[in-house]
Amino acid sequence: MLGSLAGVLFDGLAYGMLLFLLSVGLSVTLGMMNFVNLAHCSFAMVGGYVSVSLMNRFGWPFLATLPMAFLAAASVSVLLERGLYRRLYRASDLDQCLLTIGIVFVSIAAYAWLYGTEQQAVEGFPPYLRGSLQFMGINLAAYRLFLVLCGFLVTAILVASLEYTRFGAKVRAAVDNQRMARGLGIDVDRTFMLTFALGGGLAGLGGSLAIEMVGLDPGFALAYLVYVLIVVSVGGLGSIGGSFAAAIVLGISDMAGKYYVPWLGAFLIYLVMVGLLMWRPQGLFGKR
Amino acid sequence: MLSTRNLNKSFGSLVVAQDISISVPRGARYALIGPNGAGKTTLINLVTGMLRPDGGKIILGEEDVTALRPDARVKRGLARTFQINALFPQLSALESVVLAVLERKGESKAWWRSLPRYGEAVDEAFSILESLRLGPHCQRLTRELAYGQQRLLEIALALATRPRALLLDEPAAGVPKDESAELFTAISNLSRELTVLFIEHDMDVVFRFASRIIVMVGGRILVEGAPEEIARDERVREVYLGKRRHAFA
Amino acid sequence: MIRTLVVAAALALAFSAHAQKTVKIGVILPYSGQFADGAKQLDDAIKLYVKQHGDTVAGKKLEFVRKDTGGIAPAVAKRLAQELVVRDKVDILAGFLLTPNAMAAGDVSAEAKKFMVVMNAATSIITTKSPYMARTSLTTPQLNESLGTWAVKKAGIKSIYTMVSDYGPGHDAEQAFTAAFKVAGGTVFGSVRFPTANPDFAAFVQRAKDQNPEALYVWVPGGAQPAALGKALAERGIDARKTKVLGQLELADESARKAMGDVAIGIITAAHYDPNHDSKLNHEYVKAYNELAGRNPNFFATGGYDGMHLIYAALKKTKGKTDGASLIAAAKGMKWESPRGPVSIDPETRDIIQTVYIQRVEKVGGELKNVEIDKIPNVKDPVKEKMQK
Amino acid sequence: MASANGYLREKIRWRALELVFWPATLLPFVVTPDYLSLASQIAITALFALSLDLILGYAGIVSLGHAAYFGTGAYTAGLLAKHYWSEPLAGLLVAGVAAGLVGYATSHIIVRFRHLALIMLTLGIGLLLAEAANSASWLTGGADGLQGIRMSPLLDFKFDLYGKTAYAYSLAVLFLCFLLARRVIHSPFGLALRGIRENAARMPAIGAPSRAHLRKAYTIAAVMAGIAGALLTHTTSTVSLETLSFERSADVLVILILGGAGRLYGGIVGAIIYMVARDQFSGMNPQYWYFWIGLLLITVVMLLPNGILGGLGALYKKSQ
């Protein structure tokens, strides 16, 4: 029985990493910049389709497409930020909802038109990422191991860059108090643009990493929006670590629930969310 | 009328209220003064139930209200104003005060009859506004009122709950000198029945309107006494009034 | 004043004459939303049929009016059907990828006495909703009961573990399969249900593996889930060549095989159509469909293609009369050679009778294909068959 | 200066625009008789958006799970019609009460939270109810929807293909609920709700039991949403899990924001514009109409902040 417990925990961790990678960008835009960006998964879709096209049409290796997915999604988010989001920084969060849901609808139709509605199959996926390895009797899927690695790597880079660098300080200052930050000479406008690019880029990276696990079609922008919102709200606004912890808790409890109490399967992730939010409304590590 | 016995409150190691016992008789006009961070607003938050004390009792009239929720204390006649305006921007001045009056009369549960049918409450609200010379502005949105008028509206809202004790948290904060005198004359001719405790930094106003003064420092009561005693008291002078000679003494 | 009256009358006459000359077909499909890909497959097949056979039948020009339900939305489907009948004056209702929408539109077909052709939705009781309705796709029990009987009788499987999606179609498939499996002498020693919305299959497959079953019966909706399930099977070390994996055709359709890779080898599915089916008619159909849509047709497409054939044939038989009663009468008992093989419309239930193929995924010439290993001809819908007895 | 009471009475008076709007809703019977079933579903969506406006526009509760009450009403009406009593009006009341009970029960959780936690809790409750309905397929018919609903005529008017009865029925119920909502908004209770939305922290300081007010508002909104759900069941004799889905909650929120929350007519205007646009766009281009709806939403939010009515209101004030 131990073998399967460890197996379930590992799968839960991997599933949690996937949820984290998909939602970390949102914990930057919604969490730190307080912008209700429901179009987050559309940026993830941009990354996903970029890496699919690079692999299928130009034969790029999978790992090489990841940075490209990040850059593509980041540049798209800068475009949208300059054009649309910037005008609504001080708007009500309902108007922000309307704008971003509008963007989701446009992105779904655009990708259905460009890439068709079928599931994007990935040819030339590196074989070493597909099989599974035996480790102390537990069956570890290679790709899930890779996801866990990516999750820790992204968290480390993000926490380091936001907590310990000048840029990170500037971002947190600008988000906390725009007026004061301008007073200190921080170019708030540019900082917001770069922060948004970071959030969008992370979404793109999450999107391309998710293809192997959950596939990719134009409906992706709406399908995963609920899960991403759950992770960011349970994790707590403005905290990368919060989203990381929440993703793991949700991933493991979802996986364990499906294994040990399958009839409760679909309810579990929502019950865990409601429970955690009632216990800590501001989120696990939320500040406000 | 309003008294506290050994009130204590601390946030972790930070002690914000230590063993505070005050007693304000009916109809009195007490001033609460002290340097910034002395715990004046915290005391008001403790008395009105916004903050839960770690220990001690709060008595209103003969009743121990320590465990009551803030809105229940208001129903028993304990009202307050806020240092920073906490009003209803999109409601007009009249609507705000009508709301407070209806809440007091328990009529705000009525969801069937339309507002103008409650003429009695509307007239009462209007007379409160007029007593604070806000009558002509009663139809304007709170958001569009001048800052001084908004401070008066804070008091009107408190009065609408027909309090027995009224706590004013720096009523004249941010109001230009000439207007604050007008504000305080409005406060002073409040009914003799009403017990008032107000926080104020402007010593001229304090010494003109307060019948007794309580001085707080670092979450504790330094001294309590008539205005003349406080003006002469060395400790107060050192800690708070500084070296300036006071006009009064 | 008189002159304008005359002109108006002439116009009206012309218009009604024009109406005689055309047959309007209302197509209701989930063009947008989660099932948009299935709708596109089916719609391309309709276009292909019209391109091949011209758009005039029995001297009347065909006119199509397409309406999008946006996914599972019976209230919208019913309204669209009503609008097609009332406003667009259509003569025939067609399409219907999803069961709830087909059921809702069935009421309109019955009330307005309009001939209705269901081209995919697979729940058995749909055709009972209107006497003017025929189906050219499949019924879930048709495939799964055949598979259940075959598993015991031909494959000699004694016991099986079932894993299905926890919603309507999944329950129907599981119930049909296990009923036949037990009647044939097999035993079902365990089962589990996946949540419908984007599940992660690892935990469920792990649970199944722990029982180390002789065989697994699986049912998941088309789209991303077959591929994800295939990968989970591989990750958990369940090899379809050793532990027999049985299911309905979505489990091993082209996109699922492409995404799974060699993991798919050995998966056995029951199907009523596969592009790999060896018949001259099918090869031409697959080639023509590829030219039009750029990919192989799947069972959504073939349901649509045969639906159009039924409409064309019925119109020819009634020489262009479009009222529901005569069209359904013409449709009953209709027999023809479809790309999937011989098919016919059951006169009593107006449902499709067809051959059910049992196929296994094998690597043929470097490519993964479904190879037919057995077939059960002339299978009727068992649920309605029992109802009649 | 008009008397204080006169000023309040002035604020409640029926505006000219309103007196033109409601008779205009009867035009479809004559002008567009072929669009009556669409008109009836617009009226139902408008009623649903109006119920959301009560809690969002007036009490400041942003809900992403309001379909929970719509679906409860729809299923209650469906089950009632299928098993016991298929007379519409009785069904409407029972559905409203059922949804109101669910609303009252969940309100005890909802009123204790604010901001993102509140939004996610409403989402969670909605999704849990949808999952429950799916797994209780023995009762609800699961994904295939509730079958076997036979509606008996409404005051001997049959629910037919042409949707005349359906539209008359939906419009009448919408108008009655609108009058109720109007009364609630202009009552002392409505004033208290606006107080909570404007400054929730101040309410206890004037002796207001905010939570009790919010629970009552949430329950009234749930009743109205349940009635809207029942209307859909009665007019289409179909009920499916879609009535409880996240998509329906998101759609009604978009519709309300599009129209302009906090203005009673926001939901109605939003419903008309959104559903007519969707019907026309999807008629023109069944596969990619999402693109044009998305563009419409972006344009409105860019040009008319606070929704169509909000934006027009501001422009009108500026032009004064």
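Tutor: A salt bridge here is a side-chain nitrogen of Lys or Arg within 4 Å of a carboxyl oxygen of Asp or Glu. One such pair joins D:Lys11 to B:Glu95, with 3.5 Å between the closest N and O atoms. The part examined here is chain D. The model is a predicted one, in which local features need pLDDT of at least 70 and side-chain atom pairs count only at pLDDT 80 or more, while totals for chains, interfaces and linings use all residues. Residues are numbered from 1 along each chain as its sequence is written, chains are lettered from A and ligands numbered from 1 in the order in which they are written, and side-chain values use heavy atoms, with hydrogens and water left out.

Consider the interface with chain B. Contact, meaning heavy atoms within 4.5 Å, involves 41 residues of chain B and 33 residues of chain D. Buried area is the accessible area (1.4 Å probe) that two parts lose on being put together, summed over both. For chain B and chain D it is about 3,400 Å², with 67% on carbon and sulfur atoms. Three salt bridges are found across this interface. There are also 16 residue pairs in polar contact (both at pLDDT 80 or more). A polar contact is a pair of N or O atoms within 3.5 Å; within protein, one must be able to donate a hydrogen and the other to accept it, and residues adjacent in sequence count only if both atoms are side-chain atoms.

On the side of chain B that touches chain D, helix 2 (70-75), helix 3 (93-104), helix 4 (119-131) and helix 5 (147-160) of chain B each supply at least two residues. Helices (H or I, at least four residues) and strands (E, at least two) are DSSP runs, numbered from the N terminus. Helix 3 of chain B has the largest share of that side, seven residues.

Chain D also meets chain C. Here 33 residues of chain C contact 25 residues of chain D. The buried area is about 2,700 Å², and carbon and sulfur atoms give 53% of it. C:Arg79, C:Val86 and C:Arg87 supply 21% of the area that chain C buries against chain D, more than any other three residues. C:Arg79 also forms a salt bridge with D:Asp279 (3.6 Å, N to O), and the count between these two chains is one salt bridge. Nine residue pairs are in polar contact between chain C and chain D (both at pLDDT 80 or more). Helix 3 of chain C gives the most to the side that touches chain D, with nine residues.

Within chain D, the axes of helix 4 (residues 36-56) and helix 12 (residues 210-236) come within 8 Å and cross at roughly 170°. Axes are lines fitted to C-alpha atoms, for helices over the stretch in contact, and angles run from 0 to 180 degrees between N-to-C directions. Angles over 145 degrees count as roughly antiparallel, and the two helices of chain D are therefore roughly antiparallel to each other. Among the residues making the contact are D:Ile44, D:Leu47 and D:Phe48 of helix 4 and D:Ile220, D:Met224 and D:Leu231 of helix 12. The residues of this contact divide into 16 nonpolar, five polar and no charged. Ala, Val, Leu, Ile, Met, Phe, Trp, Tyr, Cys and Pro count as nonpolar, Asp, Glu, Lys and Arg as charged, and the others, Gly among them, as polar.

How values were computed. Angles under 35 degrees count as roughly parallel, over 145 as roughly antiparallel, 65 to 115 as roughly perpendicular and the rest as oblique.
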